[in-house]
Amino acid sequence: MNELVKSLPSPTLPGIHLPCSDTYKGWLFKWTNYLKGYQRRWFVLSNGLLSYYRTQAEMAHTCRGTIPLATAHIDVGDTCHFVLTSGGRNYHLKATSEGECQRWVSALQQANANATLMMHQSDDSGDEGPGPQEDRTINQGVLKTLSTKLDDLSTCNELIGKHGAALQRSLSELEDLRGAADSTDRVKSVNERATLFRITSNAMINACQDFVDVAESHNRRWQKALQYEREQRHHLEETIEQLAKQHNSLERAWRENPTTYSEQIIWLFWKGAERSERGDDSDENEEAEFFDAMEDSPAFITVSATGITNHRRTRRCRIPDKPNYSLNLWSIMKNCIGKDLSKIPMPVNFNEPLSMLQRLTEDLEYSELLDRAAHCDSSLEQMCLVAAFSVSSYSTTVHRTAKPFNPLLGETFELDRLEEYGYRSICEQVSHHPPAAALHVTSQRGWSLWQHITIDSKFRGKYISVMPLGNIHLHFHASGNHYVWSKVTSTVHNIIVGKLWIDQSGDIEIVNTTVKDTCRLKFSPYSYFSREVPRKVTGVVEDREGTGHYILSGTWDGKMESSKIVDSSEGCGGSEGKQKTVYQTLQPKLLWKKYPLPNNAENMYYFSSLALTLNEPEEGVAPTDSRMRPDQRLMEAGLWDEANTHKQRLEEHQRLERKKRDAQVNEALEDGQDVEGYLPLWFEKRTDETTGDITYTYRGGYWEAKERQDWSQCPEIY
């Protein structure tokens, strides 16, 4: 029995464990968030990595996180507190005592020094790696060896389990036979089983050591190969990003002047062919390959549009960088919980230098989708493009967590892009409480769009919800198809604590009121626990009979695709007792893809190429145009203090004007006169024939007034 007891592992003390290897284990408290504070976690330091688990039992199956110490920085804070910084993240840790904290810091610093030394030694080594074929052969041999060692470990594990169970039974029998005559035989049997268990355990330990030795012997070469692959991937990502930007420039240049641009491309290829004829044989082969696969050739994509003769106005492609101003957010927000966002006095620190009227106009970023839809013979295909257009209007919001300026009553914004894209739009703030705007767009390419949107927004403490109310109307001139849909809810999260992020959620139902086709789009809300693709959008295009014809899928910040349905069947698993419909489709086709953001967009409020031009000064616009707004102009220039001063002046002036109007209305009511209240200049209130709702529609006259430069009717709002 003494031999048996000596072979068993000795008990360990609670707290920090110090095995004979470089492994260091123990309990620490890790900061999680402001709700849960510090949480107790089991930390394991081994091989230059600090891993943590919720419990010791989790070590067998679930690691909650791993911190590489080779690039980590260690800061010792207050009593029992220290901070690890690695990969841009800070890990705040606490020990239960100063002594334990010191032991952990010493162990981490030693591990950090060892890991850094190993990394430098690996970087300084000048050994050339093997060739691809030799490398593949070596890897296959190593994998085969490791597989064999794993089989040995599996066999040892089974034997340990078998002998361990037998040893347990023998011990139990020995307890029952205390004082019996055959106790000597039982003790002998127990010793034999203990010996077998010890032999098997030693074999297990040796097999583990062999496995570790083989893995460590190839660890350095694998690390170098991994670093090489990372560098190649980074280089490839940069190349793809550059190609995407150049492709975007080419596409925009072609849309601005397709005829001239096509002639320029033909001229470039003709000159290239002429050069190839004068070159040697190798040059001829390269050029021939280039012309056989133009779409895949980098030389084709890098053709610059700057050489194209274009007498149209050049739009700006950047604005001044956003300054870094500090602000006590909580001192402003704590008194605003539950209020309408439009009634909260906010400094410009929370804004972006665009008004809500300009943000509405920004929905036209992908107007070419409507140009394509205007030429569709099939109403169902047209519906797919209209649905993609409705989703594309949210693509510019993914990083745009700042609030646009609330328009003043009577404020307008025009966007004239007849020369570039064939459309022009006019937008006016028709109501201040509740805030409402009306937009009207006419296109020379076969469509018209108008909408009346009222913004309902609430601040809930941790997030802000913005709910646009109203319908968007789209009419195609040739087919007469009329589409109606509304917008989904936008939510800005982490208002007080954490990084701001925006989400779109809800359903959109697009109805073709002419032929009764429908499309139901679902914007899935983001969930930390969901396995779905973030910002996912799905939908089905159906005819008036309810038969599905197309499946739409994608993300509102990336792209949308359509798949034609060839067969459908009733499945199971639907909610509320309903059966799901299972569709069989063809390969998806791309409907829309988001343009890459301009260079330095992160310092320009993440504006898109169109957004950068919206506040660009233009001659001849109305004096009420958003471009004329002084606080917005000063904010764009980076003069935020001056912008705040003008913003307060404009808001106070608007409040005084409202009091005057209210006083005039009350006086007229006392005299028994009929009072209509405020009347917009370019829009009038009507009953919509399609939906039956009261809406504001364009009454006309703006573009005629601009042509005459007669703005005498415009109020002085700035």
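How far apart do the end C-alpha atoms of residues 226-253 lie? They lie 41 Å apart, and the span is 100% helix and 0% strand. This is a predicted model, in which local features need pLDDT of at least 70 and side-chain atom pairs count only at pLDDT 80 or more, while totals for chains, interfaces and linings use all residues. Residues are numbered from 1 along each chain as its sequence is written, and side-chain values use heavy atoms, with hydrogens and water left out.

View 1. Of its 718 residues, 39% count as buried (buried is under 20% relative accessible area, exposed over 50%, partly exposed in between, with a 1.4 Å probe and protein chains only). An unreviewed UniProt entry places the feature "coiled-coil region" at residues 226-253; UniProt positions follow the numbering used here, feature names are shortened, and annotations may be inferred rather than shown by experiment.

**View 2. The nonpolar cores.** In soluble globular proteins, nonpolar side chains tend to be buried together. A nonpolar core is a set of buried Ala, Val, Leu, Ile, Met, Phe, Trp, Tyr and Cys residues joined through side-chain atoms within 4.5 Å. The largest has 70 residues, and Ile-510 and Leu-521 have the most contacts inside it. Helix H12 (residues 379-392) gives the most to this core, with nine residues. Apart from this core lies another, of 21 residues, including Phe-43 and Leu-108. With neighbours within four places in sequence left aside, the residues in contact with Ile-510 include Met-383, Val-386, Trp-485 and Leu-521 (contact means heavy atoms within 4.5 Å).

**View 3. The ring pair of Tyr-366 and Tyr-595.** Rings of Phe, Tyr and Trp (its six-membered ring) pair if their centres lie within 6.5 Å; planes under 30 degrees apart count as stacked, over 60 as edge-to-face and the rest as tilted. By this rule the count comes to 17 aromatic pairs. The centres of the Tyr-366 and Tyr-595 rings are 4.8 Å apart and the planes stand at 35°, so this pair is tilted. The two residues are 229 residues apart, Tyr-366 in the loop between helix H10 (356-361) and helix H11 (368-373), and Tyr-595 in the loop between strand S24 (589-593) and helix H14 (609-614). Tyr-366 is buried at 2% relative accessibility, and Tyr-595 is buried at 8%.

**View 4. The ring pair of Trp-501 and Tyr-526.** With centres 5.4 Å apart and planes at 75°, the rings of Trp-501 and Tyr-526 form an edge-to-face pair. Trp-501 lies in strand S18 (residues 501-512), and Tyr-526 in the loop between strand S19 (518-523) and strand S20 (536-542). Trp-501 is partly exposed, at 29% relative accessible area, and Tyr-526 is partly exposed, at 42%.

**View 5. The surroundings of Asp-631.** Asp-631 lies in helix H15 (residues 630-636) and is buried, with a relative accessible area of 0%. Its side chain makes a polar contact with the side chain of Arg-629 (2.9 Å); a polar contact is a pair of N or O atoms within 3.5 Å, where within protein one must be able to donate a hydrogen and the other to accept it, and residues adjacent in sequence count only if both atoms are side-chain atoms. Leaving aside neighbours within four places in sequence, Asp-631 is in contact with Phe-405, Ala-643, His-646, Lys-647 and Leu-650.

Notes:
Helices (H or I, at least four residues) and strands (E, at least two) are DSSP runs, numbered from the N terminus.
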